[in-house]
Amino acid sequence: MPVHPDIAAQHAALLATLPFHDEQDLADADRGFLGAHPTGVVRDAAGRVVWDATSFDFVTGPAPLTVNPSLWRQSGLVRRHGLYEVVEGIYQVRGLDLSNMTIVEGDRGVLVIDPLISAECAEQALALYRAHRGDRPVTGLLYTHSHADHFGGAAGVTTQEAVDAGDVVVLAPAGFVEHAVAENVYAGTAMARRAGYMYGASLPRGPEGNVGVGLGATTSTGTVTLITPTVDVTRTGQREVVDGITLELQLAPDSEAPAEMHVFLPDHAALCVAENATHTLHNLLTLRGAVVRDPRRWAGYLTEAVDLYGDRTDVVLASHHWPTWGRERALEYLELQRDLYAYLHDQTLRLVNQGLTGPQAAEAVRLPPALEDAWHARGYYGSVSHNVKAVYQRYMGWYDGNPAHLWQLPAPESSRRYVAWMGGADAVVTRARSAFDEGDLRWVVEVLDHVVQSEPDHAAARTLLADAHEQLGFGSENGTWRSVYLSAAHELRHGAFGTPASTASAEVVAKLTVDQLLDGLAIRVDAPRCWDERIDLDLEVDGDAAVRATLRNGVLVHGGSARGPADARVVATRAVLTGVAVGALTLPEALAAGLRVDGDVGALTRLLGFLDEPDPGFPIVTPPV
């Protein structure tokens, strides 16, 4: 549909006020370019396309009215793909996944830093490097943090066998495996479903659809792998030498990720700040869902990085976007990024202590001119609005102190009452259409959501709500906001698209500890069905000491001292037990694969029967089924 006049006017205002004359980012994004991937397309073993850089080739020239011009500029920068020299001996492959893969040349081979999301993309990235720099072996692998776009491609650059043989060292910050795996266990299904919205996974790529998410173009959909680290980084100041490459390491836990670190390469005067300083305002709370991040500590780590390495740094690089060269520019960049997160933290709490709620503070906080005019501080991935709300949530929780909000009716029950009091669905749609024409799009979305929640088949409401979401998407400077608005419009018009991709691959799930595996089962117990059940199982996994798991009062607990005899003793390998737990193996199949039950087999059968299956296609913009 045509762009609303108010959205077009907003775009014109941005073109007139933002510093589009500043083309330093364009020069930096192209600096050191050595060559592009031959096709820009990556396929898996079955021939399925898992990455297509060429699908964003349309992002060129002036911004169309359907895209915020600031986001269009950023999308044009992140769509570039190829091999780039950062400094002599350090190279980056950019644009072959959401993230960058950094390659540092050593005495015999190379150290790979952050091997992308998918093994297929990482393999192609390494091949691109070798095409220009020679067939050097991988002698080291380093994960800067515990998000899948920084470890998932590990099997594309090395093998478990090479690591086990001592040919490849794998470094990661302390707690890496626990956090990398746990994120896919507890709320992994819900996160993956919401990530489909956040990254626009089912949107067509084009000026009216997916144009990129600010941090990168989008996420690849190949094979997510994980090779366990062999060296844990446990303290700031720890030094490691990998294939002649000296690494000075700075821990930064509970910043952009729960396990994260910065890497200083003194021989190259290069500082890798992982994902704590990129060319966008990042998320304090990602729209897919996560634990709220700590902006105070985040800012503190950037201050510490400047103090530790600033007078030795000539280039700053990160796991996304392009580097910043020159000591003065690099330090200014780091300090502005630091100021960005500190400002949001401090100003939110100032307003909270004056009595403002999260949404109210989000409307009130404005960035100072130095940050407002810095392209790398613009909200392409995170936003001032949802980051301020995240700070509020971190300190104050969901309740805003107003008792009227303490025990509210949930949708759709509340929506039915709202719609009835507003004169019925047709009357609400009529008023909403007038508000739409006046450009009051946020209000249109709010009131029509009540209609769709109460009457999900009301065609006129769904159509107008989809149109309003679409216009908000067209106006969004933030790439993920654009994606969620346009995804909502897509589902209202065409039905739910489910979960197109997930990082909870079989290989990642296989890294679950027994404790994590049992935690994962516990959150699937349909408690009301087993309030009166008592089941005790002793689990012996891979020959380790047995762990008692007890189901009582609808709760599956494990560990502690076993009291009384178990109903059965289950003996299995972790691989087989994991297969049963995730539904990849039926119990008869597991028994055939070597699982043994000494005692009451029915006890294990009953326990498995009380588990719910997660729903990867649950409704988001329509009421629960």
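This report describes selected helices, strands and individual residues of a predicted model.

The model is predicted, and local features need pLDDT of at least 70, side-chain atom pairs count only at pLDDT 80 or more, and totals for chains, interfaces and linings use all residues. Residues are numbered from 1 along each chain as its sequence is written, and side-chain values use heavy atoms, with hydrogens and water left out.

Helices (H or I, at least four residues) and strands (E, at least two) are DSSP runs numbered from the N terminus. An open sheet is formed by five strands in the order 19-18-17-20-21, with mixed pairing; two strands pair if DSSP finds at least two bridges between them. Strand 19 (555-558) and strand 21 (596-599) are the edge strands, each pairing on one side only. On average, neighbouring strands of this sheet are turned by 20 degrees against each other, direction ignored. Axes are lines fitted to C-alpha atoms, for helices over the stretch in contact, and angles run from 0 to 180 degrees between N-to-C directions.

Within the sheet, strand 17 (residues 534-541) and strand 20 (residues 568-572) run parallel and are joined by five bridges. Asp-538 stands opposite Arg-569 in strand 20.

Helix 19 (residues 514-522) packs on the sheet, where it touches strand 17, strand 18 (547-552) and strand 19. Its direction makes about 170 degrees with that of strand 19. Helix 22 (residues 601-609) also packs on the sheet and touches strand 17, strand 18, strand 19, strand 20 and strand 21. The direction of helix 22 makes about 100 degrees with that of strand 17. Contact here means heavy atoms within 4.5 Å.

The buried residues of helix 19 are Val-514, Gln-516, Leu-517, Leu-518, Gly-520 and Leu-521. Buried means under 20% relative accessible area, exposed over 50%, and partly exposed in between (1.4 Å probe, protein chains only). These buried residues of helix 19 pack against helix 6 (176-182), strand 17, strand 18, strand 19 and helix 20 (574-581).

**Strand 9 and its partners**

Four of the five residues of strand 9 (residues 169-173) are buried, so this strand is largely enclosed by the rest of the structure. Two of its pairings are tabulated below.

The loop between helix 12 (384-396) and helix 13 contains Pro-412, and the peptide bond from Ala-411 to Pro-412 is cis, with omega near 5 degrees. In helix 13 (residues 413-421), the buried residues are Ser-414, Ser-415 and Val-419. They cover an arc of only 130 degrees around the axis, which puts them on the same side of helix 13; the arc is that of the directions from the helix axis to the C-beta atoms. The face turned away from this buried side carries the exposed residues Ala-420 and Trp-421. Helix 14 (425-437) and helix 15 are among what covers the buried residues of helix 13. Just after helix 13, Gly-423 takes a positive phi of about 100 degrees.

Helix 15 (residues 441-454) packs with helix 16 (residues 459-475) at an angle of about 145 degrees, their axes being 9 Å apart. The crossing is left-handed, a term used if the near helix is turned anticlockwise from the far one by less than a right angle. Residues of helix 15 in this contact include Leu-441, Val-444, Leu-448 and Val-452, and those of helix 16 include Ala-461, Leu-464, Ala-468 and Leu-472. By class, the contact of helix 15 with helix 16 has eleven nonpolar, two polar and three charged residues. Ala, Val, Leu, Ile, Met, Phe, Trp, Tyr, Cys and Pro count as nonpolar, Asp, Glu, Lys and Arg as charged, and the others, Gly among them, as polar.

**Individual residues**

Asp-243 lies in the loop between strand 11 (238-242) and strand 12 (245-251). This residue has a positive phi of about 55 degrees although it is not a glycine, and at 14% relative accessibility Asp-243 counts as buried. Asn-553, in the loop between strand 18 and strand 19, likewise has a positive phi of about 55 degrees without being a glycine.

Arg-193 lies in helix 7 (residues 188-198) and is buried, with a relative accessible area of 0%. Not counting residues up to four places away in sequence, Arg-193 touches residues including Glu-491, Phe-497, Thr-499, Pro-616, Phe-618 and Ile-620.
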